Amino acid sequence: MNLNFSEEEILFRNEVQTFLEKELTEDLVLAAKSTSAVFTEKDIAMKWQSKLAKKGWLVPSWPEEYGGTNWTHTQKYIFSSECAKAGAPNLIPMGLAMIGPLLLGKGTQEQKDYYIPRIISGEDYWCQGYSEPGAGSDLASLQCKAIREGDKYIINGTKIWTTHAHLANKIFCLVRTDNSGKKQEGITFLMLDMNQPGVKVEPILTMAEDHDFNQVVFTDAIAEVKDRIGKENEGWSVAKYLLEFERSGGVGGSKSLSDIQFIRKLMNKISTTHNDASFIDLYSTKVTELEIKAQSIQYTALRILSSLKGGDSPGPESSMMKTLVTDLEQEISEVTLEVIGYYGIPFQDTSLGSNEPAIGDESFRSIAGKYQNLRATTIYGGSNEIQRNIMAKAVLGL
Ligand SMILES: Cc1cc2nc3c(=O)[nH]c(=O)nc-3n(C[C@H](O)[C@H](O)[C@H](O)COP(=O)(O)OP(=O)(O)OC[C@H]3O[C@@H](n4cnc5c(N)ncnc54)[C@H](O)[C@@H]3O)c2cc1C
């Protein structure tokens, strides 16, 4: 097997690197690095999104008529790994990686024509209303109710853990439209405006005190029937289709490899500061093990990508990727925190307005907060225990 890039692929990599050198400015890299929140801050992510959109590189996997690049899987891999290596901010997934692909796969032509350009331009900023106080892993138990009145649905109920609901102007959500049959059968998928009197957003802070998610209360909120995806009461299959994109983890591993390089830099920094070379030996085996895992995840992701044809959703393999990538992210954050030792103890999150000088190196600042917030990755998008249940049933046939 020849794993070397071809001449054209090397030229493409050069083109990506040149673009990144020009457009990925220092302030974007610094902002992405210094946040401890799970999701990139909106203004940073949108700034990067608009640069990619201008270049035509925002949604490589989408059909060309909607902004896709028609790149080969290797090109997609080169692009995302170069972005990760250069420290580009993560894009916000709710529009680009969730409702966008769902609209392309299951939306009406009218919905695609209206919403897709607005997702790309950033005019619409989406949040996801799936979970409820009594419905997380057991999502089909959801109770948020919608009653149809003419060409509208009237919605009452509560959604929880809604990431960036305080920043979004649109929400896609699952609502109950029928209670008479099996619980999966009476669910409908709707899109609606956040900026209306019937929608109230209440903040929930993470344990690192970042404001990522919220509770959203609907009191006679309104959705248009034309903004329903799929048929009434058939939203469960629509919801599952979207979750496969949410869990697929992109070209997993690339970001982890860059985080591992960061650990190596920290190790060097600390060993120099303390004039203690043995510090490197102490962690090098652990870090190399992480690197091997990240590389094997990367190859697995590529194998999955290469098996997909245009418009396909990733299937139950997405559960495998979600579990592998998030478990590894947590392991990396643990080792990173271990490496900085007692420098991780003081609370020094600048995003909350702390203007105290950093204790230790500036790059230590967000590590403890990141470690805390990353506990969430094995919970959101369907917890990893649930992913293992899916793999047991759908992949292993148990
Ligand atoms: C950072 C973050 C962002 C989020 N963003 C969003 C968002 O934008 N929109 C949205 O709708 N939701 C969001 N969520 C919610 C997320 O999808 C739910 O938290 C998740 O589905 C788990 O549901 P739960 O919190 O109700 O936990 P529960 O379902 O109560 O689970 C509690 C524990 O029990 C385990 N468990 C439950 N059932 C089983 C089972 N059958 N077998 C084995 N173990 C089981 C779970 O793995 C977990 O460990 C977010 C969550 C987090 C942490």
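The conversation below turns to the ligand shell, some strand pairings and a helix pair.

Guide: Please note that this is a predicted model.

Visitor: Which residues come nearest to the ligand?

Guide: Tyr130, Gly136, Ser137, Ser383 and Glu385 come nearest, out of 21 residues around the ligand.

Visitor: And how many of the shell residues are nonpolar, polar and charged?

Guide: The shell has nine nonpolar residues and ten polar ones, along with two charged residues.

Visitor: Which domains does the shell draw on?

Guide: Domain 2 (125–241) and domain 3 (248–395) each contribute at least three residues. As for secondary structure, at least two shell residues come from each of strand 1 (126–129) and helix 12 (384–395).

Visitor: Turning to the strands, in which sense do strand 2 and strand 3 pair, parallel or antiparallel?

Guide: Strand 2 (residues 145–149) pairs with strand 3 (residues 152–160) in the antiparallel sense, over five bridges. Within this pairing, lysine 145 faces asparagine 156 of strand 3.

Visitor: What about the hairpin between them?

Guide: Two residues lie between the strands, and glycine 150 adopts a positive phi near 65 degrees.

Visitor: How many bridges join strand 3 to strand 7?

Guide: There are nine, and strand 3 runs antiparallel to strand 7 (residues 213–224). Here isoleucine 154 is opposite isoleucine 222 of strand 7.

Visitor: Now the helices: at what angle do helix 5 and helix 6 pack?

Guide: Helix 5 (residues 93–106) packs against helix 6 (residues 109–121) at about 160 degrees, and their axes are 10 Å apart. Angles over 145 degrees count as roughly antiparallel, so helix 5 is roughly antiparallel to helix 6.

Visitor: Is the crossing left-handed or right-handed?

Guide: Helix 5 passes helix 6 in a left-handed crossing.

How values were computed:
Residues are numbered from 1 along each chain as its sequence is written. This is a predicted model: local features need pLDDT of at least 70, side-chain atom pairs count only at pLDDT 80 or more; totals for chains, interfaces and linings use all residues. A residue is near a molecule or strand if its C-beta atom, placed from the backbone, lies within 6 Å of it. Helices (H or I, at least four residues) and strands (E, at least two) are DSSP runs, numbered from the N terminus. Ala, Val, Leu, Ile, Met, Phe, Trp, Tyr, Cys and Pro count as nonpolar, Asp, Glu, Lys and Arg as charged, and the others, Gly among them, as polar. Domain bounds come from an automatic or database domain assignment. Two strands pair if DSSP finds at least two bridges between them. Axes are lines fitted to C-alpha atoms, for helices over the stretch in contact, and angles run from 0 to 180 degrees between N-to-C directions. Angles under 35 degrees count as roughly parallel, over 145 as roughly antiparallel, 65 to 115 as roughly perpendicular and the rest as oblique. A crossing is left-handed if the near helix is turned anticlockwise from the far one by less than a right angle, and right-handed if clockwise.
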